[in-house]
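Below are a few points to read with the structure open beside you.

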Amino acid sequence: MRTRVTGWCFVIAAVVLICLFYFYPMIQAFNLSLKSGVGTNLQYVGFENYKRLFTDSNFITAVTNTFIYLIVQVPIMIILALLLSVMLNSDKLRLKGLFRTAIFLPCVTSLVAYSVIFKYLFANDGLVNLLLLRLSIIDRPIGWITDPFWAKVTIILAITWRWTGYNMIFYLSALQNIDRSIYEAATIDGASAFGKFTKITIPLLKPIILFTSIMSTIGTLQLFDEVMNITKGGPGNATMSISQYIYNLSFKYTPDFGYAATVSYAIVVLIVIFSYMQFKVAGDRR
């Protein structure tokens, strides 16, 4: 009993703070999602807000846009981060520290600052269009910000640029913990570089790949800064994410905090579903 009491004395403060700042707001947010009204004049409406989700065209558009980002960007980023980590882990490569720092550097930049830079780079008269015109790759400026398709491409490029280095660090640290003798034995057995990558590297990195996939999925479903600062959800609602729609419901449109809380819980449900699917695909029974 004394041991148990001593243990609880160490963790009780953390437990109280977690309950106070995590679980209590979650419960209050769910309670808020059962209300509807303008501003703070809210009344209980039960699950009417949840029924409204299925008929809300703006919500459906936001979910569709977010799914496009998720399906296109996350696999590209994971594969690119994995390949970069393998190359930067090679003993034959010189200046590895410089390359690792350069690729990881975007992760420590301000979200707002880099989003604004991307907005100016991909403007109609920005550096990207200017360079493509000078190289005669295009004959007129591309509407990176004003065209629905290219606006999505710009958002995907921005996210990939910033977060690829973040995932690469996880893979790189895991690669450095793999026993070199495994690769040496595979080389003696005549395994090719591609064979070692597919038969040794990927299976041993499976837990890290699962972790980065789930974290990247969660981050994409919560995407806000890039969309808000680069395209503001436009043109129209062509790039609006779910998180931006929550912001619009709370602060841009007529304030409807109850329905905004409902949309936020929709993100929670989507995160749970996609995380479960990824665990199933990875075959992790735990």
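1. Please keep in mind that this is a predicted model.

2. Helix 10 runs over residues 206–221, and its 16 residues reach 22 Å from first C-alpha to last, close to the 22 Å expected at 1.5 Å a residue. Its buried residues are Ile209, Leu210, Thr212, Ser213, Ile214, Ser216, Thr217, Thr220 and Leu221. The cover over these buried residues includes helix 3 (57–88), helix 7 (148–175), helix 9 (193–204), helix 12 (242–252) and helix 13 (257–282).

3. The whole structure holds 15 aromatic pairs. In one of them, the ring centres of Phe122 and Trp144 are 5.1 Å apart with the planes at 75°, so this pair is edge-to-face. Phe122 sits in the loop between helix 5 (111–121) and helix 6 (127–134), while Trp144 is in the loop between helix 6 and helix 7, so the pair links distant parts of the chain, 22 residues apart. Both Phe122 and Trp144 are buried.

4. Tyr247 and Phe251 make a tilted pair, at 5.4 Å centre to centre and 50° between the planes. Both belong to helix 12, four residues apart, or about one turn of the helix. Tyr247 has a relative accessible area of 31%, so it is partly exposed; Phe251, at 61%, counts as exposed.

5. Do look at the cluster that ring pairs build from Tyr114, Phe118, Phe122, Trp144, Phe149, Trp150 and Trp161.

6. Two arginines deserve a glance too. Arg52 lies over the face of Tyr259, 3.7 Å from the ring centre. Arg162 places its charged end over the ring of Trp163, 4.6 Å from the centre.

How values were computed: Residues numbered from 1 in each chain as written. Predicted model: local features only at pLDDT ≥ 70, side-chain atom pairs only at ≥ 80, totals over all residues. Heavy atoms only, no water. Helix = DSSP H or I, 4+ residues; strand = E, 2+ residues; numbered from the N terminus. Expected span 1.5 Å × (residues − 1). Buried < 20%, exposed > 50% of the residue type's maximum accessible area, 1.4 Å probe, protein only. Contact = heavy atoms within 4.5 Å. Phe/Tyr/Trp six-rings, centres within 6.5 Å; stacked < 30°, edge-to-face > 60°. Lys NZ or Arg CZ within 6 Å of the ring centre and 35° of its normal.
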